[in-house]
Amino acid sequence: MRLTYFKLIATVFFWGTNFAAGKIAVQSLGPYSTAFLRFVIGALLLMAYLYKTNGRIPSLTPKQWGLVFISALMGVFLYNLFFFSGIQYMPTVRASLVIAFAPITITLGSWLFLGEQVSVIKWAGIALSIFGAAVVLARGDFSSLLSNTTWGLGELLIMGCVLSWTVYTLIGRVALKTIPALSLSSFSALIGATLLFIPALQHGLIERLEQASWQSLAAVVYMAMTATALGFIWYYEAVQKIGATKAAVVGNLTPVFAAIIAVTLLGEELTLTTIIGGVLVLAGVLLTTMK
């Protein structure tokens, strides 16, 4: 059991470092090529693990392939275009805290579309996280938040991440009733990488690869091997052994790791409003994911 928790915390650390690694990669590769390269490598690793686990590549029905395609479109294609584009325009710390808002929108979506019950405690968590996100986005000036002066392109793109990940998760809850988690992740990654190839090619994939720095290429390989392939495998192992609820609560450490890496390695400033807002967001997410 200790090994399971160690792997889960390591996975969350990988996801947290993904923000800093992505910021390094897009400097010379750009958002489209970075997203494609990360997932084409990650997809190949996941498919290899899927084949090793099952002894073959599992087959799916047409309906199941439809669910996989929607998952790939929302959770891989759109999410990564929003993510790698957004982190170019805002600090890593703020981006990670906006991403931390996703469990709240997922809870609301489950309530609206899947008929899941939301307790009073969860509603309190939603309200607390909304307030915390507002503190982060407004940077302490709520009048400017209402006038939209603090909302830049980066914030809007990262909110696109939150919405696309919400749809991906809701679709995934339906798909996982008939599709094993590893199969869904592997096929979604493969289809997502295929969808990302066209915009990457249109935005100079070949030229960018020829001119890319070794730091950018190393960052892409790191993201593919850790946050994508190894992270998916270890995360689903944890879900299987300790349950989805406990795994999700540990996953809320992602913005904490992202903030630590951004401050120590990228030299980003950690303001008081960001700290206060981040604590409120994480407290709200904890309340929302409590059983």
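The legends below describe close-up views of a predicted model.

**Figure 1. Overview of the predicted protein and its helices.** The protein is built with 13 helices and 0 strands. Its pattern along the sequence reads α-α-α-α-α-α-α-α-α-α-α-α-α. Of the 291 residues in the protein, 53% are buried. Among contacts with a separation of 6 or more, 87% join residues 24 or more positions apart. The accessible surface of the protein is about 13800 Å², and carbon and sulfur atoms account for 70% of that surface.

**Figure 2. The largest nonpolar core.** This core holds 63 residues. Leu46, Val68, Phe83, Phe84, Ile158 and Leu196 are the residues with the most contacts inside it. At least two residues of the core come from each of H1, helix H2 (62-86), helix H3 (92-99), helix H4 (102-113), helix H7 (153-175), helix H8 (181-202), helix H10 (214-242) and helix H13 (272-289). The helix that gives the most is H1, with 15 residues.

**Figure 3. Surroundings of Phe84.** Phe84 is one of the residues with the most contacts inside the largest nonpolar core. Setting aside its neighbours within four places in sequence, Phe84 is in contact with Gly22, Val26, Pro31, Thr34, Ala35, Arg38 and Met223. One of these partners, Thr34, is shown in the next view.

**Figure 4. Thr34 in helix H1.** Thr34 is part of helix H1, which covers residues 2-54. The relative accessible area of Thr34 is 0%, so this residue is buried. A polar atom of the Thr34 side chain lies 2.6 Å from the backbone oxygen of Gly30. With neighbours within four places in sequence left aside, the contacts of Thr34 are Ala25, Val26, Leu29, Phe84, Val220 and Met223.

Figure 5. Thr17 counts as buried because its relative accessible area is 7%, and the cut-off for buried is under 20%. Between the side chains of Thr17 and Tyr222 there is a polar contact of 2.7 Å. Apart from neighbours within four places in sequence, Thr17 is in contact with Tyr222 and Ile261.

Figure 6. Ser28 is placed in helix H1. In sequence, Ser28 and Ser216 are 188 residues apart, while their C-alpha atoms are 6.6 Å apart in space. Ser28 is in contact with Arg208, Ala212, Ser213 and Ser216, leaving aside its neighbours within four places in sequence.

**Figure 7. Met1 in the segment before H1.** Met1 lies in the segment that precedes H1. Met1 is exposed, because its relative accessible area is 62% and the cut-off for exposed is over 50%. A separation of 240 residues in sequence lies between Met1 and Lys241, yet the distance from C-alpha to C-alpha is 8.0 Å. Not counting residues up to four places away in sequence, Met1 touches Lys241 and Ile242.

Figure 8. H4 has 12 residues. From its first C-alpha to its last, H4 reaches 16 Å, close to the 16 Å expected at 1.5 Å a residue. The buried residues in H4 include Ala102, Ile104, Thr105 and Ile106. Thr107, Gly109 and Ser110 are buried in H4 as well. Gly115 follows H4 and has a positive phi, near 70°.

**Figure 9. The kink in helix H8.** H8 has 22 residues and spans 32 Å from its first C-alpha to its last, close to the 32 Å expected at 1.5 Å a residue. At Leu196, H8 has a kink of about 25°. After H8 comes Gly204, with a positive phi near 80°.

**Figure 10. Helix H12 and its buried residues.** H12 covers residues 254-265 and has 12 residues. The reach of H12 from first C-alpha to last is 16 Å, close to the 16 Å expected at 1.5 Å a residue. Buried in H12 are Thr254, Pro255, Phe257, Ala258, Ala259, Ile261 and Ala262. One of these residues, Ile261, is a contact of Thr17. Just after H12, Gly267 has a positive phi of about 70°.

Conventions: Residues numbered from 1 in each chain as written. Heavy atoms only, no water. Helix = DSSP H or I, 4+ residues; strand = E, 2+ residues; numbered from the N terminus. Buried < 20%, exposed > 50% of the residue type's maximum accessible area, 1.4 Å probe, protein only. Polar contact = N/O pair within 3.5 Å; in protein donor to acceptor, adjacent residues only side chain to side chain. Contact = heavy atoms within 4.5 Å. Expected span 1.5 Å × (residues − 1). Core = buried A, V, L, I, M, F, W, Y, C linked by side-chain atoms within 4.5 Å. Bend = angle between axes of the 7 residues up to and from the residue. Areas by Shrake-Rupley, 256 points an atom, 1.4 Å probe, with all protein chains shown as cover.
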